[in-house]
Each structure stands twice: as structure tokens, then as C-alpha cells.
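Please read this note with the structure open beside it.

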Amino acid sequence: MSFREESGSEDGRSSSAADLKRPFLHTGSWYRIGAGAGGGGSGSGVMGSRQSSLMDKMMMMSSAQVIKDTAISAFLCTMIVALGPIQFGFTGGYSSPTQALIIDELGLSISEFSIFGSLSNVGAMVGAIASGQISEYIGRKGSLMIASIPNIIGWLAISFAKDSSFLYMGRLLEGFGVGVISYTVPVYIAEISPQNLRGSLGSVNQLSVTIGILLAYVLGMFVPWRALAVIGILPCTALIPGLFFIPESPRWLAKMGMLEEAELSLQVLRGFETDITAEMNEIKATVQSGSKRTTIRFAELKLKRYRVPLMLGIGMLVLQQLSGINAVLFYASSIFKAAGLTNSDLATCGLGAIQVLATGVTTWLLDKAGRRILLIISTAGMSLSLLLVAVAFFLEGSFEEASHMHHVLSVLSLVGLVAFVVAFSFGLGAIPWIIMSEILPVNIKSLAGSVATLANWLTSWIITMTANILLNWSNGGTFTMYMLVSVFTLVFVVIWVPETKGRTLEEIQWSFR
């Protein structure tokens, strides 16, 4: 089913004017705009002639030539939507370097600033609830466009804030946008990627989050907090026009009954010389196995084909946050101070850079080694490193601060923290989002994906709100709790999580039947 072969035919498909009038939210794109312009220039008033030459003219376009290769096409689409996770990470990292400046200028108390920091999680929970239905009815691209608007407004509200009310409003709006982005981006990437690249491209989502966090950390050391909020507008400002130059998810289009649009989208993603017959047939078979408007009753969720993917998707995203990663990242400065490090801000930036590098290695390894083995290595490494941190903090209290042994234990706790972040980034950071987007059946993906994303954000909020209290209670005790969760996550992965490397989404979802 190469598009070149089909484009010259004079069948019913070529006579439909609807293909040229689809809203940009569905497919969007240079390949429709260019083709339409070329058709108009031919002087023919007959739609059949105009449509029959559409693909021939597409093949002449330089932009079409650039993306003939599957990897390049999917990669470029992923790079554009990755602006969303960069916004996600920037939102998460913003409060750390700006705390003292905002408190001083606006006269906030510590508790008021803590509310400001946590409101992004509250907004994200609301966004997570809405994300599935938004992406279901207006598409993956439309969802990202909608998510960008509150993000931009939120950053503007923060940059012009004169009191806590504008700060709170802006943070809530940012959180809502981030909640939608956190579900939509991994789903879109999974649905457009070829099976041999889906893991690597999917992990770009988490890599972009870590880059956003690092940017907030580094720029926050040099830029005033209001200017930093203005910089926060840039990712979503670039994302909106970028979305017009990439195709909509072919699987979503097929689910909505737009099979011609789905074929065109898939052909653009795979390259104009590629035969997409087998992949398109799999997508059609999956769509035909259940109505696009099917309502799943709660009783049916007990069936294996729904129960197991739900348990895995929600379980992995909850355990990701229960590991305590956000407690370490959000309160890195105070943890480093407790470990005896003087320049905690610089150490926090260093930790962010290490996280980016480790996630980058994961991106390279995912489609070579597989998801399951990386998760096992990641959770085992997290368990050991957290054990080291807990023991070091417990023993520190037995020695005087000026003693050599106290200094050695401080260094060990820092090494353990860095190893924990590296181990987390090596697997548990990116892979739960990839697995969630891969295993959920198409007819429950919007609802189940929303629930899984909501569970992740709710757990993140609980960990963030309790971390300071727990650290004040006992550093060693807190990290012991996180270590026990990591051990349980290791057992969960070994027993339950399947390998999805090298399988199509349809094959993965059929395996649960």
C-alpha cells in the first residue's frame, strides 16, 4: 500500500474533497498545504484531477524528500512534541532556584511558597483527569495545542504577579497544561513510532523533562525570577506552530473512522517509498475489533485483557513516584546541606546534568536491550543506592561533625544520592510512561490513561508534601522507606512486567486477551 501506487488511481478515494478540507487539528500539515497549492496551480476545475496529482506533486516537494527515511520522519515529529515535556520539566524545576527571591520580593511565608510549589501538582491532577477525553475527541495534536495555552497564560501571570493570588493562579494553569502534556506526548510518540524505534523515541519524553529541569536550575542561578517566568513561555510558544508541520496519530485517525487520513498520516511517517500495507491492516483490525464509541462497563474491567494492562500501567506510574525521586529533586539543596555540602545550588545543577546524561544513555539503549532488563537494573540499583544513603545518614549521628568518619559518611550519602538518580534515570524514569502508552487497549486508552496519569500526579503530590516532614523527622528513616518501595518495585517488575521491545502496539495489546 505505498502511497505512490495509490495516488495515481481514479477510485472513490480520489474524488473526495473532504480530504483536502480536514481541520488542521486532525492531520495538519505542510504535505496538505503544499499539495493543495500545487493542485490549484494546475488550472483544472475537476477535483478528481486535482486529487489524482496530489501524491505526484508531493513527491516533488523538497520537504517530502527529507523525511523519506522512517527514522528521520518519526524523529522530527518526536522532537517537535518534545517541547511539551521540556515545558513540563521547566515547571517542575522553577520553584527550586527562585524560592528565596520570590519570598523576599513578595513577602511570602515559607508555607505560602510551599502552597505555590505544590499547586502545579494540583493543576496537573485536573489536567490528567481531562487529558484522556480531550485527546480522544480532538486528537493528540489538538490536545497539545490546548495544553499550551494555559501554560503560556500561567507563566505570564507569574511574571506579572504582585501578590500570592497571581502566583497561585499561574501555577494552577501551568499545572493543568502539564497534566495534559504528561499523558498526550507519550501516547502520541508510541502511536507514530515504528516498532524498532518506539522505545528510544518514547524515552525522549523523559529526557526532555530532565532537560527542562536542568534549564530551570541553571538559568535560575543567573536570571531574575520574573524573567525566568517569561523564558518559561518559549517551549509552548514554539510548540503551537510546530504542531502544524507534523501528522496526526494514524491510530487515532483510524479509531475515529478517518481511514483515508490514517493511511496518509502513516505513509508520511513511514516514508513515501515504504509499503504500509501490513501495518495499516493491523491498525484496521484492531479498530474493527471494537467500536470507536464503545462504552466499557466497570464489570468488564475484570477481564484479563483490561485488568492486567490497567494494573501494570497504573502500578508502574505510582511506584515511579513512591520511589521518592521528587523528594530528592525538589529538596536536593536541603538534603545536600544535611549531608555537609556547602555549595548546594551548584550540586543541584550537577545532579540535574547527571540525570540528563543518564536518561540520554537510556534513550540509546532502550530498543537494544529492552524495557524489562533496564527496569530490573534500574530498580536494583535504586534499592542498593538508597540503602547506602539510609545507612550513611543513620551512622552520621554517631560521630562528631568535625570527625573524619563524619566526613566519609557525608561523602557516601552524596555518592548514594547521585547513584540513586542515575539508576532512576536508567529505567524507572522513562519506561513506565512508555509501557503505559504501549499496553493500554485502544478502546479504554483515554479513560485508563487519564486514571494512570492522575494516579502518578496524585502520588507525586503526596510525596512532595510529605518529604519535608519526613526529612525533618529522620533522614535515614525517610530513605529506608523509599528503599523498601524500590525493592517492591523490583519484585513487581520481575513478576509482572512483560517485554514489549520489537512488537507492534497491536501485538502487545492482543497478548493480554
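Predicted model: local features only at pLDDT ≥ 70, side-chain atom pairs only at ≥ 80, totals over all residues.

1. The protein chain has 25 helices and 0 strands, and buried residues make up 57% of its 513 residues. Among the contacts in the protein chain between residues at least 6 apart in sequence, 82% join residues at least 24 apart.

2. The crossing in which α7 passes α9 is left-handed. On the side of α7 the contact is made by G84, P85, F88, T91, Y94, S95, I102 and L106, and on the side of α9 by L167, R171, E174, V178, I181, S182 and V185. Divided by class, the residues in this contact of α7 with α9 are 9 nonpolar, 4 polar and 2 charged.

3. Helix α8 (residues 110–159) is the helix in which L119 is found. L119 has a relative accessible area of 13% and is buried, since buried means under 20%. Leaving aside its neighbours within four places in sequence, L119 is in contact with Y168, R171 and L172. Of these, R171 is also one of the α9 residues in the contact with α7. L119 and G170 are 51 residues apart in sequence, while their C-alpha atoms are 9.3 Å apart in space.

4. Helix α14 (residues 259–270) can be examined by its length and by its surroundings. Its 12 residues reach 16 Å from the first C-alpha to the last, which is close to the 16 Å expected at 1.5 Å a residue. As 10 of the 12 residues of α14 are buried, this helix is largely enclosed by the rest of the structure. The buried residues of α14 are E261, A262, E263, L264, S265, L266, Q267, V268, L269 and R270. Just after α14 comes G271, which takes a positive phi of about 105°.

5. The next pair consists of helix α16 (residues 304–322) and α22, with axes that come within 9 Å and cross at roughly 165°. These two helices, α16 and α22, are therefore roughly antiparallel to each other, and their crossing is left-handed. The contact is made by P309, L312, G313, M316, L317 and Q320 of α16, together with P432, W433, M436 and I439 of α22. By class, this contact of α16 with α22 has 8 nonpolar, 2 polar and no charged residues.

6. How do the axes of α22 and α23 cross? Helix α22 (residues 431–439) and helix α23 (residues 445–473) have axes that come within 10 Å and cross at roughly 160°, which makes α22 roughly antiparallel to α23. Here α22 passes α23 in a right-handed crossing. The residues that make the contact are W433, M436 and S437 of α22 and K445, G449, A452, T453 and N456 of α23. By class, the contact of α22 with α23 has 3 nonpolar, 4 polar and 1 charged residues. A reader may note that W433 and M436 of α22 take part in the contact with α23 and also in the contact with α16.

7. M465 also lies in helix α23, and it is partly exposed, with a relative accessible area of 39%. M465 and A327 are 138 residues apart in sequence, and the distance between them in space is 8.8 Å, C-alpha to C-alpha.

8. Is Q355 buried or exposed? The place of Q355 is in helix α19 (residues 344–369), and at 2% relative accessibility Q355 counts as buried. Not counting residues up to four places away in sequence, Q355 touches Q206, T210, I213, L329, V421 and S425.

Methods:
Residues numbered from 1 in each chain as written. Heavy atoms only, no water. Axes fitted to C-alpha atoms, helices over the stretch in contact; angles between N-to-C directions. Helix = DSSP H or I, 4+ residues; strand = E, 2+ residues; numbered from the N terminus. Parallel < 35°, antiparallel > 145°, perpendicular 65-115°, else oblique. Left-handed = near helix turned anticlockwise from the far one by under 90°. Contact = heavy atoms within 4.5 Å. Nonpolar A, V, L, I, M, F, W, Y, C, P; charged D, E, K, R; others polar. Expected span 1.5 Å × (residues − 1). Buried < 20%, exposed > 50% of the residue type's maximum accessible area, 1.4 Å probe, protein only.
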